[in-house]
Amino acid sequence: MIEPIAKPRRKNPLSRTRLPMSPPRARSRASHGFTRAAAEGRFVLQCCGACSTFCYPARDACPSCLSADLVFVDAPRRGMLLSETTLHVPADVYFRERAPWRVGLVAMDCGPKLVAHLHADCEEGRPVTMSFQLDKSGQAVAFAHPERETPNMTDDRQWREMTADPKFRRVLVTNGRSIVGQEVVTALKAAGASIVFVGVAEPWKPFRGEETLRALEGVQIVPLDIGDEKSVADLAADIGGKVDILVNTSEHVRVGGLLDRQGTSVVRDEIDQTYLGFVHLAQAFGPAMRMRGSDGVNSAAAWVNILSVYALANWPVFGAYSASQAASLSLSHCLRAELRPGGVKVVNVFTGPLDTEWFQTVPPPKVAPRMVATSIVSALKRGLEDVFVGDVAEDIRQRLAANPKALERELGS
Amino acid sequence: MQNSIRTPYDRVVMAVPVTIPYVRYSIESAQWWIGRALKSLVDGAGITPRDIDGFCVSSFTAGLDSGISLTQHFGLCVRWLDTIPLGGASAIAALRRAARAVQAGDARIVACVAGDTNHVDSFRFTLENFSRFNQDAVYPYGAGGANASFALIARNYMRKFGAQREDFGKIAVAQRANALRNPHALMKTPLTIEQYMAARPIADPIHLFDCVMPCAGAEAFLVMGEDVAASLKLPAAKILATIERHNAFGDDPVQVRGGWAMDVDELYAMAGVKPDDLDFVETYDDYPVISMMQFEDLGFCRKGEGPDFVRQHDLTIDGTFPHNTSGGQLSVGQAGAGGAYLGVVEAMRQVLGLAGPTQVKDARIGLASGFGMINYDRGLASGAAILAGPGI
């Protein structure tokens, strides 16, 4: 049984911040099949296309029939914890700092044996439920959970290393004027965030939902215009050391592509507000977050981008907007690599058109802003990296995997 | 007892047991340690490096060098060459291969060497780069070397067969007593069962004195024809039988036996002896639980009777079941792949009457075994050999 974690006390400004260490990162290329699945919260194993044998660790040939047709498929998650051990003196610095650390050997019902990190409520000789998680190195590891829910189970120390749970963390939501931003604030507070800083450009201008926002306990409105480098830097100078999770809810949606627009001013705005805004935020807040990756219960944990799923495939109706989203997506991969030494996750939340004013002309299905917010909180709690929200996003994801050229033609027709 | 259809190792012998005394940490390279072992081999045999026409080497820390690079490093011109990366099973494999090469006339004198250095940071490098499965599916879980893997195996074994920590302790304590008689052993102070029990936990149920100490060192021997040994006037040990097996019993959920169990009848049949006939046993002891498993798998008792077997025997040099007479890796140190050779080289000394302070009285026949390569969840490689002195 897990003791609930206590709210961290205010940090002594004179004490040294521990530098984040990373668990071992090296993996074979085949093993990144698990990384891919863990990023989306799926549990997969390799299964032989010829003889249907499941195997683990990742192989390049089936150990039963030598076929090369090994496919990562969604696999049953149930297994049995055969044997466990508590590591008191691990060789690796990351684990040494976190010892004692429990690991075990799990026999999956479908066959393979997995060495796994153990949730504290897992018992030897009892069934467990498995997942693949991204650890602080960003790579996939197997994690065993008790089969049934147990009290305070998300407060488990080893589990929290795999997640970016908002509980007791301080969050910056970059745009409080938008409905999405306001929903995200509400959801994060409900998930236990201790403070939510909410960026609002030109805060003397009133906006819809302002009163509700200001009335929320633990919500602090701060001046922030992400298109303005100085505004971002000023805010970072003020609160940069206490932002554990950053959710970029800034949005700048304009309809239109290339040929029916005159000049570049709209395009330039899109780039300024979206891409350069992201750059400003990353440069101002990223370095401190990377330094604070193992700063206790409220360590820096995650950076969340809300991206249009048309970042993955251009939709000419919103063609220039799609391109600005694609630029941000590309930049997010750079940020992910650069935040990795700190163990800070970069979560990309892909949505279809939102049910907001700027997508007025788009027919349903559209994504409710609240659904974006709950998806973000869920992703943080589960430690995901790539999240697809709503039917359109899922549709694009599948069509992209099936035939990118077909998707391009169909979006462009 | 079944009959063996394998060709006996007639007229092939092992000679010149060599140990380059271990040190905890060394600033020298693996090549340096292997070089010292080769020098001791030629000096001990009264030959020159040019007389060596076969070379077999094992090392974890030789970096980019395999046997071929080392031939040039050491000025060896050989017509038979092998690099054996089998960890704790390397020595058994080396003597098997070398003996057949000599028997077939492919080589006349084979130098079998294992040497490793231990820099302050090289052990971790070995751990990180051990194997692909280890890299993908074990090392990212904080497993400090093999400790976690053996902890899982030991805990399962204890629960299944009723072994107690005290039983493992008895093995470790007896080996320490043996080691105190071995001037090369790194462990120089006595170990009591109380100290064993009170040691700090490393990975439950593995505690400090269940673990070997990584160190630098080298071990070696020569394999040659009986006639060559006679002409050089070298005391020579006979090879009565060997076995080797890899990736056995893969369907056992947790490892409770090694590959020996698959071939043990063959081992004794080929040697023409029974387990009772052996005067001493040198098991591969990276952890006491593995030695206990070998007591079962090598035919001294049945599966599950290991704990009782240990309780009923005195495992010291002068005891009822002399075991790991040098002190074993647990008390001498684990010099990388040299750990595989430790028991084999000590067994040679025992049957040749050259063991000095660790000599088992009237030892004529003994067994040495090897075990290695925790690739993922279990040790994959196993082997054993029965050696005899010149009188047999």
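Entry on the core. I note at the outset that the model is predicted. I looked up the largest nonpolar core and found that it has 251 residues, and that L95(B), V110(B), L222(B) and V223(B) are those with the most contacts inside it. I then took V110(B) and, leaving aside its neighbours within four places in sequence, listed its contacts as G54(B), F55(B), C56(B), W80(B), A98(B), A101(B), V102(B), L222(B) and V223(B).

Entry on the two chains. I asked how many residues of chain B are in contact with chain A, and found 29, which meet 30 residues of chain A. On the chain B side, the elements that give two or more residues are α4 (122-128), α5 (132-137), α6 (147-161) and β5 (201-203). By class, I recorded this side of chain B as 17 nonpolar, 5 polar and 7 charged residues.

Entry on a helix pair in chain A. I looked up helix α6 (residues 229-239) and helix α7 (residues 265-291) of chain A, and found that their axes come within 9 Å and cross at roughly 25°. The crossing of α6(A) and α7(A) is right-handed. Where they meet, α6(A) brings E229(A), V232(A), A233(A) and A236(A), while α7(A) brings H280(A), L281(A), A284(A) and F285(A). I classed the residues in this contact of α6(A) with α7(A) as 6 nonpolar, 1 polar and 1 charged.

Conventions: Residues numbered from 1 in each chain as written. Chains lettered and ligands numbered in written order. Predicted model: local features only at pLDDT ≥ 70, side-chain atom pairs only at ≥ 80, totals over all residues. Axes fitted to C-alpha atoms, helices over the stretch in contact; angles between N-to-C directions. Helix = DSSP H or I, 4+ residues; strand = E, 2+ residues; numbered from the N terminus. Left-handed = near helix turned anticlockwise from the far one by under 90°. Contact = placed C-beta atoms within 7 Å. Nonpolar A, V, L, I, M, F, W, Y, C, P; charged D, E, K, R; others polar. Core = buried A, V, L, I, M, F, W, Y, C linked by C-beta atoms within 7 Å. Buried ≥ 20, exposed ≤ 12 C-beta atoms within 10 Å, placed from the backbone.
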